[in-house]
Amino acid sequence: MSTIDIEPTDTVDARGAACPGPLMDLIGRVRSASPGDVILLLSDAEQSLTDVSEWVDETDNELVAVDESGDHYGFYVEVA
Amino acid sequence: MTERVAILGGGTGGAVLANNLAERLGPEIDAGDVEVTLINDDPDHVYKPVWLYIPFGQREPADGRRPLRDLVDDRIDLTIDRVTAIDTDGKELALRDGAGPLGYDYLVVATGSTLADDEIPGLAAGGHDYYSESGALALRDELLSMTEGHLVLSVVGTPHMCPAAPLEFVFMADDWFRKRGLRDDVEITYTYPIQRVHGNPHIAEWAAPIMDERDINVETFFNAESVDPDAKTITSMEGTDLDYDLLAAIPPHRGVDVVDEAGLGDRGWVDVDKHTLEAEAADDVYALGDAATTGVPKAGSVAHYQAGVLSQRLASEIRGRPATATYDGKTLCFVETGMDAASFVEFDYENPPSPAPPSEKLHWSKLAYNDSYWLTARGLL
Ligand SMILES: Cc1cc2nc3c(=O)[nH]c(=O)nc-3n(C[C@H](O)[C@H](O)[C@H](O)COP(=O)(O)OP(=O)(O)OC[C@H]3O[C@@H](n4cnc5c(N)ncnc54)[C@H](O)[C@@H]3O)c2cc1C
């Protein structure tokens, strides 16, 4: 069970996204989001664990939580 | 009672589906039990993969255009008009020019991608593209007169059509300038939104060493925020500035507004079940090709495979049988690695791509595939 208590503004379901992949889907959504929005990215790609945090580090956005409790990951990204 | 199928969009997916349905449901259509209408806002069918070759002077826009009427089966009703609204409750489409709305029992949305340069300040004025006919022609003029300076290829929009095309462009440009003895005076830089040179790790792993070998500079984690056409700089969300002499960009993409207005999805992309291609928000509505959010690339091959699946599903529905055909994520791409060599990848939801070693044979296969498109779209090949 997830213990994360954050209500995302928007959810990007990138489960099964082979190419170009979940991080690209996330960036696309962050572009059209407003500051303060929290975007939840759902991904079943192992690669997302490094991809998402590395990208967030390059920007002013923040990775506020990662849900690893289910059969896919949930990344909560707060838009700067 | 006549069952009415409306296909909205006569691009790759819509045209292939129409022809496939004409073949499959021929007897029912002839008997008047089924009516298939294809609606497109251009009397021509446009085959976009040709545009990659226009900037290098190897193809003309006309090579990618044919009258839709010549391409689709006579049993298909063709309506050249623009759909201005989709009413999924009343099951009808509003037309810009036509008299009265067009009713349907089954609707397939195949509206493709459109470009949204305006989402990045300065991009329209400062950048070029080969993702539109007019863009490819303007870029050709610039490339032909370029003898020195910095060529920047920036992948701005995600998702975008044909994820291989940005790699292809820089590989081709490198080879093209080299063969003309200009490569020492032309610097080439490729920028990509994430930390690899391609979204798919397998393709990125394959492409990165080739770029290195061929002196193509790479800027990763580069998501363009703005372009300054006077200073000729492009600036990223991550805070990097790049000077350019010629900027070729993959602009942001959207679908079409009628999709959002009908509540079928965001940014013009229809939310669908990735196996059945059924729209999540409405009954008897499907989407395919670029317009459908399945997580696979926006590619003609995808639209083609999905059309085959949807044709089977629709025929089953119409005949009152359970629909069993599903889309497995199959994607096929030829990837140009120069002016006369190409690679090839194939993958699906379960199996990752593994690019084939580049060869001249694969390059000719890609050109042959493009030329034979006019036959495959008709269902003849
Ligand atoms: C430079 C470039 C190179 C490419 N190379 C390749 C490649 O090598 N291999 C590959 O597989 N794919 C390639 N692609 C991608 C491929 O072209 C697209 O994925 C494909 O065209 C998608 O087909 P579609 O039917 O979904 O949409 P489209 O072919 O875009 O067709 C959509 C149609 O709907 C019509 N339409 C939209 N809205 C309305 C409306 N409201 N009313 C009426 N009509 C409407 C449009 O006019 C259009 O005719 C390339 C794309 C580009 C830009």
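Colleague: Leaving aside neighbours within four places in sequence, which residues is Asp73(B) in contact with?

Modeller: Contact means heavy atoms within 4.5 Å. On that rule Asp73(B), with its neighbours within four places in sequence set aside, touches Asn19(B) and Ala22(B). This is a predicted model, in which local features need pLDDT of at least 70 and side-chain atom pairs count only at pLDDT 80 or more, while totals for chains, interfaces and linings use all residues. Residues are numbered from 1 along each chain as its sequence is written, chains are lettered from A and ligands numbered from 1 in the order in which they are written, and side-chain values use heavy atoms, with hydrogens and water left out.

Colleague: Where is Asp73(B) found, and what lies 2.8 Å from a polar atom of its side chain?

Modeller: Helices (H or I, at least four residues) and strands (E, at least two) are DSSP runs, numbered from the N terminus. Asp73(B) is in the loop between α3 (68-71) and β5 (77-80) of chain B. The atom 2.8 Å from a polar atom of the Asp73(B) side chain is the backbone nitrogen of Arg75(B).

Colleague: How is the size of an interface given, and what is the area buried between chain B and chain A?

Modeller: The size is often given as the accessible area lost when the parts come together. Buried area is the accessible area (1.4 Å probe) that two parts lose on being put together, summed over both. Between chain B and chain A about 2,000 Å² is buried, and carbon and sulfur atoms give 58% of this. In chain B, Thr158(B), Phe221(B) and Met237(B) lose the most area to chain A, together 26% of what that side buries. Chain B contributes 26 residues to the contact and chain A 20 residues.

Colleague: How many salt bridges does the rule find across that interface?

Modeller: A salt bridge is a side-chain nitrogen of Lys or Arg within 4 Å of a carboxyl oxygen of Asp or Glu. The rule finds 1 across the interface of chain B and chain A. Arg196(B) and Asp51(A) meet through their side chains in a salt bridge (3.1 Å, N to O). Over all chains, the search of the whole structure gives 23 salt bridges. Among them is that of Arg319(B) with Glu28(B), at 2.7 Å, N to O. This pair links distant parts of the chain, 291 residues apart: Arg319(B) is in the loop between α9 and β22 (331-336) of chain B, and Glu28(B) is in helix α2 (residues 26-30) of chain B.

Colleague: At what angle do the axes of α1 and α2 of chain A cross?

Modeller: Axes are lines fitted to C-alpha atoms, for helices over the stretch in contact, and angles run from 0 to 180 degrees between N-to-C directions. Helix α1 (residues 22-31) and helix α2 (residues 48-58) of chain A have axes that come within 9 Å and cross at roughly 35°. Their contact is made by Pro22(A), Leu23(A), Leu26(A), Ile27(A) and Val30(A) of α1(A), with Ser48(A), Asp51(A), Val52(A) and Trp55(A) of α2(A).

Colleague: Which residues are joined by a cis peptide bond, and what is the phi of Lys91(B) near?

Modeller: Most residues other than glycine have a negative phi, and most peptide bonds are trans. Here a cis bond joins Thr158(B) to Pro159(B), with omega about -5°. Pro159(B) is in the loop between β11 (149-155) and α6 (165-179) of chain B. Lys91(B) has a positive phi, near 55°, and lies in the loop between β6 (83-87) and β7 (92-95) of chain B.

Note on methods:
Polar contact = N/O pair within 3.5 Å; in protein donor to acceptor, adjacent residues only side chain to side chain.
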